Each structure stands twice: as C-alpha cells, then as structure tokens.
Amino acid sequence: MKILIGSILFALMLGVQTTRAQEPPAPQTPTAQTEEEQKAKEESRRKAYTLLDQVVSDAQLLRLTENRIRVQTSVADLLWTENEGRARSLFGQAADGIAELQRASELAEQRRSANREPGLVDIAEIPPSFNGGFNPSRYVSQLRQELILTVARHDAALAYQLLAATRPATATTTTTTQRSFDRGGDLEERLLAQVAALDPKLALQNAEQYLEKGEYPRALAQVLGELQRKDKEAAQRLEEKMMKKLRSANLLSGADASSLVFSLLQPGPVLSETKAQASTSSQQQLLTIPAYQELLGLMVDAALKATPPANSQPINQRGRGRNNGGGFGRTAQAEMTPAQIEQLNARRLVSTVRILLPQVDQYLPTRAAAVRQKFTEFGMPADGGSASMAQLPNLMSQGTSENLLAAAATAPAAVQQRIYQQAAQKALDEGKPDQARQIATQHLDERSRNAVLRNVEFRQLADKTEVNSLEQVREKLTGLSSDTERVDLLVQLSQASRQKNPELASQLLDEARQFTNRRATSYQQFEQQLKVASAFRGIDDARSFEVLEPGINQLNELLSAAAVLSGFEVNVFSGGEMPMQGGTGLTDMVRKYSQEIARLAATDFERAQTLANRFQFTESRIVARMAISRALLGLEPAGTENRTRGRGVLGRGGFNRSQ
C-alpha cells in the first residue's frame with residue numbers, strides 16, 4: 001500500500017496593420033496571411049539559430065565538463081532539423097566529454113581507496129564535481145542517459161552507436177541480482193522503447209533479441225504499443241513471441257517477467273472502438289481479450305502459490321524494497337534459496353493482483369473467490385483499497401468534484417486530504433463555491449481549509465471585479481494578512497478583467513507591483529515578482545520587462561556571493577562555475593527568469609536579448625539564451641516536461657543530478 005500511495009502522490013501542477021486615410025483596410029486573403037505567418041516563423045527561427053551560435057561560442061568558456069556536455073546535447077537537439085551535420089558533431093563532442101568523465105570517475109574511485117596511500121592519484125586530474133560526496137559513476141550514468149535518449153529522438157542508429165561508444169569499461173553493481181549502472185536506470189531498455197517510435201523495425205529486432213535471451217524488460221510493453229500505432233504486422237509478431245515466452249516463463253523466479261506482465265495487464269484489454277472512447281484510462285490497451293485473460297490467469301496462478309509469512313502483520317503494512325511497478329522490488333536475494341525467492345515474489349504478486357481485482361472480477365470471474373480468499377489469508381481487505389486507488393491518478397486530473405468525494409471516502413488516510421482538497425478546487429472550477437466551502441469546512445485541516453476558503457473568496461470577488469471600484473479592492477487588501485495574499489488577489493482580479501477591461505487589469509497589476517517592487521528577501525518574493533511580470537505579459541509587455549530587470553540584477557549579486565562563499569556556507573558552485581543541472585534555489589530562479597524572458601521574446605526579441613545579456617555569469621546567460629531559442633522555435637520551456645524527474649535548466653527532459 002505504501003508503494004501504491006507513493007505512486008498516487010506523484011505530482012498534480014503555459015502585427016501592425018496600416019490603413020489609408022478615409023478608406024477601410026482591405027481584408028487579407030488566407031494566402032497573404034499564410035505568407036506573413038511563414039515569414040514571421042522563418043524570422044523567429046533565424047533569430048533562434050543566431051542565439052544558438054552564441055551559446056555554442058559561450059560554451060567554449062565553460063570549465064565544467066558536465067556543463068559543456070549539457071549545452072552540446074541541448075543545442076544539438078535544437079539544431080537537428082536545421083543543420084544535422086553540426087548537430088551530429090555536437091552529439092559526438094558530448095559523447096567524448098562523457099568518456100572523459102568516465103575516466104575521471106575511475107580516478108575518483110581510486111582516490112577514495114588511495115586515502116590510505118597518499119600520492120597515488122593526482123587530485124588536480126579529478127574534476128571538481130567529483131570531489132563531492134555523491135556517486136561519480138551514477139552521475140556520469142545520468143549524463144550518458146540524457147545524451148543517448150536525446151539522440152534517440154532523431155537517429156536510432158546514432159543512439160546505439162553512442163551507447164556503445166560511451167559504455168563504461170567496467171560496470172558497477174551492488175548485488176548479484178541488481179543491474180549495473182551501465183544499464184542503471186534501464187538505459188538500454190528505455191532506449192528500446194524510444195526507438196520504437198522512430199524505427200519500428202529496429203525496435204522489433206532488438207525486442208526479439210531480449211526475448212531470445214530470456215529477458216523481459218518492461219520496455220517491451222512500450223515497444224508493443226508503438227508498433228501497434230505504426231506497424232500492425234510487426235506488433236502482431238511481437239505479441240505472439242511475447243505470449244509464447246511468457247507462457248513458459250516462471251513468474252516467481254525473478255521480478256522482470258512479472259513486471260512485464262503487470263505492464264501489459266494494467267491498462268486493461270483492447271476494447272471495441274466505442275468502449276475505448278468511453279474509457280478514462282490514460283494508458284494504451286495492448287492485448288486482445290483472449291491474450292489478456294491468459295496472462296491474467298498466469299499472474300493469478302502465481303500469486304495463489306503465496307503462503308503468509310510467520311509474521312502475521314498484513315502484507316500491505318510491511319516494509320518493502322525498491323518498487324519497480326506494481327509492487328515488484330529488486331531486493332538483495334544473493335543469500336536466499338530459490339524457494340525463498342519464489343515465495344517472496346509470490347507474496348508481492350498478491351498485492352499486485354489486488355490492484356487488478358476489477359479485471360479479475362470481469363475477465364476471470366471463476367477465480368475471483370480464490371483470489372479474495374488469498375487476500376483474507378494475508379490480512380488484506382478483500383475489496384476496495386488498492387483496486388480502486390489504482391484509478392485515482394486519472395480521477396484526480398479528469399474527475400468531477402462528486403467523483404473525487406466518493407473516492408476520498410474510501411481512500412487511505414495518507415491521501416484523503418489531497419483528494420478532498422482537489423475535490424474542493426474542482427467544485428470551485430465547476431462554479432459551485434458553496435460546495436467547495438462545505439468540503440473545506442468538513443474535511444480539511446486548518447491550513448488546507450484556509451487556502452481553499454481564500455480561493456473561494458478570491459474567485460467570488462473576481463467574478464464581481466467589473467462592479468468593484470479600485471478603492472473597494474484596496475479596502476479588501478487591508479484585511480489580508482500578507483503581501484503574498486495581496487499579490488495573489490490582485491493578479492487573480494486582473495486576469496478576470498483583462499478581456500473586458502484591459503485598463504482596469506493594468507491598474508490592478510500596478511497595485512500588485514507596489515508589493516513586489518522591492519529587493520527580494522526570499523525565493524517566495526522572487527516568485528511573486530515573476531507572477532506579476534507574467535500577468536503583465538499581453539497587457540503591457542514593457543511593464544513585464546521592467547518588473548523582471550531588478551530581479552535579474554539581484555540574482556547576479558546572489559550568484560556572485562554564492563561563488564565567493566562556495567565551499568564555506570553554500571555549495572551552489574562547483575569549481576568556480578554554476579552547474580547547469582539545477583537543484584538549488586538560485587539555479588531554479590535563473591531558469592524561471594529565463595523562461596519568462598523567453599515568453600516575451602516573441603513580441604520584443606531585441607529587449608528580451610538585452611535582458612538575457614544582463615546576466616553576468618556565462619552559465620546563466622547560456623540558460624537564458626537557450627530558453628529564448630526554444631521559445632522562438634515554438635518549443636516548451638525547459639523543465640516543464642517530465643517534472644517528476646527533476647527540473648533542469650537547459651533542455652527537454654529535465655536535466656538534474658541523480659544522487
């Protein structure tokens with residue numbers, strides 16, 4: 001249950017027209033509009049690539065190898081369609097950098113063991129990053145993963161070439177059953193899944209090689225899904241081979257086969273087109289109903305072999321190893337007998353089958369009683385719980401307030417507050433402020449209740465903005481307890497009135513600016529400045545620039561101070577340089593200010609570029625220029641994708657140091 005709850009709490013959170021005197025303007029034809037749009041698009045691309053040239057030039061000044069790798073990888077990703085040859089060269093340089101770090105990582109490992117033998121390793125040969133307390137092998141593995149998966153979006157063959165070229169000479173493992181860091185993070189398997197979208201035939205070939213070796217990576221489920229979209233014949237071939245192998249596999253001998261089966265079963269079977277459209281599942285169904293029933297039966301059979309341990313504590317309350325999907329953990333099993341390993345995996349499957357209980361009831365009704373009896377033996381509730389909670393992520397994002405209220409009533413205590421809070425917000429979004437207030441009053445703790453009630457009050461006030469004078473708004477502000485609340489209210493009121501009354505919206509933001517137009521003393525105050533700058537965008541872009549500029553000046557001061565204090569009080573810098581993997585409040589603020597500048601670049605590129613150049617450190621200027629380039633190319637800001645993997649400051653995928 002702890003594993004399931006953890007998965008539930010995964011996070012929930014972007015032309016001037018001339019006229020002739022006395023004559024109405026002639027309407028533009030669709031062709032003329034298209035030509036103008038195309039010219040504007042080409043101009044944006046030209047500016048973006050000019051900035052990327054500056055980034056590549058600036059990157060030569062970087063001292064940290066990992067920073068250069070990240071810049072080279074990110075720029076190559078953006079350059080691929082414009083200049084594939086140069087992009088390939090940059091990808092190759094990044095691979096060379098990773099090889100350099102791998103050699104340095106080996107030196108760092110030697111240095112650790114050389115503490116008893118001074119002089120064995122020259123510390124000057126080791127990059128500053130490796131003098132810290134984190135695992136160098138894992139850090140280099142993360143960089144390698146970022147490079148390979150980025151390349152795989154463009155050229156599958158090149159991705160596999162660089163995968164081989166950057167393979168460590170020695171693989172680090174921690175137990176006989178765990179995979180090495182070379183495959184740590186399941187890089188080869190993730191690459192397998194990603195390549196399926198680009199090169200289905202190559203993905204099929206590689207998937208078949210795994211099956212022939214008796215290996216069952218979970219990525220095979222993703223490959224099957226991609227093939228079903230792109231090559232039905234190849235998909236059918238892979239499905240037949242997987243089914244043949246899984247029929248003879250022992251689901252209890254290890255986690256891989258069971259994990260793959262769970263990945264295939266979790267979305268449910270392929271339904272008719274009408275039923276598929278009505279489904280709320282965000283996952284692609286992969287198996288026909290007969291194949292689904294067969295695999296589900298195999299999993300149920302394996303789970304029913306479990307016997308309760310001597311400890312009578314319910315299985316869903318006992319500690320577990322690292323989860324790897326559906327309750328499968330990789331536990332150190334080197335000292336366990338094969339029979340003990342099989343029992344351990346069978347007990348885990350009991351919890352997994354509980355997640356799939358609705359499918360058991362629907363597709364294997366004759367086995368449902370035996371499954372519930374097994375739950376009873378393990379002290380687990382026979383119904384509800386995990387089975388219903390498995391659908392909660394979709395419900396949280398797509399459900400109504402009524403759906404969420406019903407789910408909260410039977411949810412584990414650890415997630416009830418979050419569900420009730422979401423239900424209250426949904427009710428408010430549905431135009432039911434009274435219901436939102438009732439949910440908050442009856443079900444939320446004091447802090448969450450006050451936040452919801454404040455949102456209700458703000459929303460009702462925003463709905464009446466047009467009839468409220470500015471003086472009335474100011475009077476309301478005096479009753480709020482903090483400047484943060486005042487800024488939040490003014491921004492919300494401004495957003496509510498910007499369509500009907502842009503002048504009032506601008507006046508409200510001027511009021512908000514009074515509360516943020518000072519030197520920030522916390523990251524929260526930086527966030528408030530960003531909120532006001534963002535709200536001005538589209539109403540008065542010049543004001544937005546004005547709000548951002550003092551914050552950039554202060555960030556320069558803080559970065560300079562952090563560089564001086566590095567190693568004493570703070571550790572933002574490494575070897576005198578700001579690492580670009582993010583992970584600190586300062587680097588996060590550099591990223592956020594850069595993204596806001598980038599959003600303004602479409603309307604005033606010159607001023608955006610000037611503001612980006614106000615960053616004093618090369619690293620922060622690179623971050624800002626990369627953000628502007630992405631925006632001009634029509635891409636999402638870095639860090640808005642895959643948030644659960646950490647927020648980086650440069651490219652797609654959220655670069656972040658993995659520790």
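Helix α25 (residues 502-516) contains 15 residues, and its first and last C-alpha atoms lie 21 Å apart, close to the 21 Å expected at 1.5 Å a residue. The expected span is 1.5 Å times one less than the number of residues in the helix. Helices (H or I, at least four residues) and strands (E, at least two) are DSSP runs, numbered from the N terminus.

This is a predicted model, in which local features need pLDDT of at least 70 and side-chain atom pairs count only at pLDDT 80 or more, while totals for chains, interfaces and linings use all residues. Residues are numbered from 1 along each chain as its sequence is written, and side-chain values use heavy atoms, with hydrogens and water left out.

The buried residues of α25 are L504, A505, S506, L508, L509, E511, A512, R513 and T516. Buried means under 20% relative accessible area, exposed over 50%, and partly exposed in between (1.4 Å probe, protein chains only). The cover over these residues includes α23 (470-478), α24 (483-497), α26 (523-536) and α27 (541-565).

**The protein as a whole**

The secondary structure comprises 30 helices and 0 strands. Of the 659 residues in the protein, 48% are buried. The accessible surface comes to about 32000 Å², and carbon and sulfur atoms account for 48% of that surface. Accessible areas come from the Shrake-Rupley method with a 1.4 Å probe; for residues, only the protein chains shown count as cover.

**Nonpolar cores**

A nonpolar core is a set of buried Ala, Val, Leu, Ile, Met, Phe, Trp, Tyr and Cys residues joined through side-chain atoms within 4.5 Å. The largest one has 149 residues, of which V75, L238, L264, V360, Y593 and I628 touch the most other members. Apart from it lies another core, of 17 residues, including L404, Y420, L444 and V456.

Contact means heavy atoms within 4.5 Å. With residues up to four places away in sequence not counted, I628 touches L51, I597, A598, A601, F605, A608, Q609 and A612.

Helix α30 (residues 618-632) has 15 residues that should span 21 Å at 1.5 Å a residue, and its end C-alpha atoms are 21 Å apart, which agrees. This helix is mostly covered, with 14 of its 15 residues buried. Just after α30, G634 takes a positive phi of about 80°.

**Aromatic rings**

The structure holds 4 aromatic pairs. Rings of Phe, Tyr and Trp (its six-membered ring) pair if their centres lie within 6.5 Å; planes under 30 degrees apart count as stacked, over 60 as edge-to-face and the rest as tilted. The ring centres of F526 and Y593 are 6.0 Å apart and the planes stand at 90°, so this pair is edge-to-face. The pair links distant parts of the chain, 67 residues apart, with F526 in helix α26 and Y593 in helix α28 (residues 585-601). Both F526 and Y593 are buried.

Elsewhere, the charged end of K213 sits over the ring of Y210, 5.4 Å from its centre. For this, NZ of Lys or CZ of Arg must be within 6 Å of the ring centre and within 35 degrees of the ring normal.

| Residue | Helix | Relative accessible area |
|---|---|---|
| L147 | α5 (residues 136-151) | 0% |
| A407 | α19 (residues 401-410) | 12% |

The C-alpha atoms of L147 and T73 are separated by 6.1 Å, although the two residues are 74 residues apart along the chain. Leaving aside neighbours within four places in sequence, L147 is in contact with T73, F91, A94, A95 and I98. A407 and M396 are 11 residues apart in sequence, and their C-alpha atoms are 9.7 Å apart.
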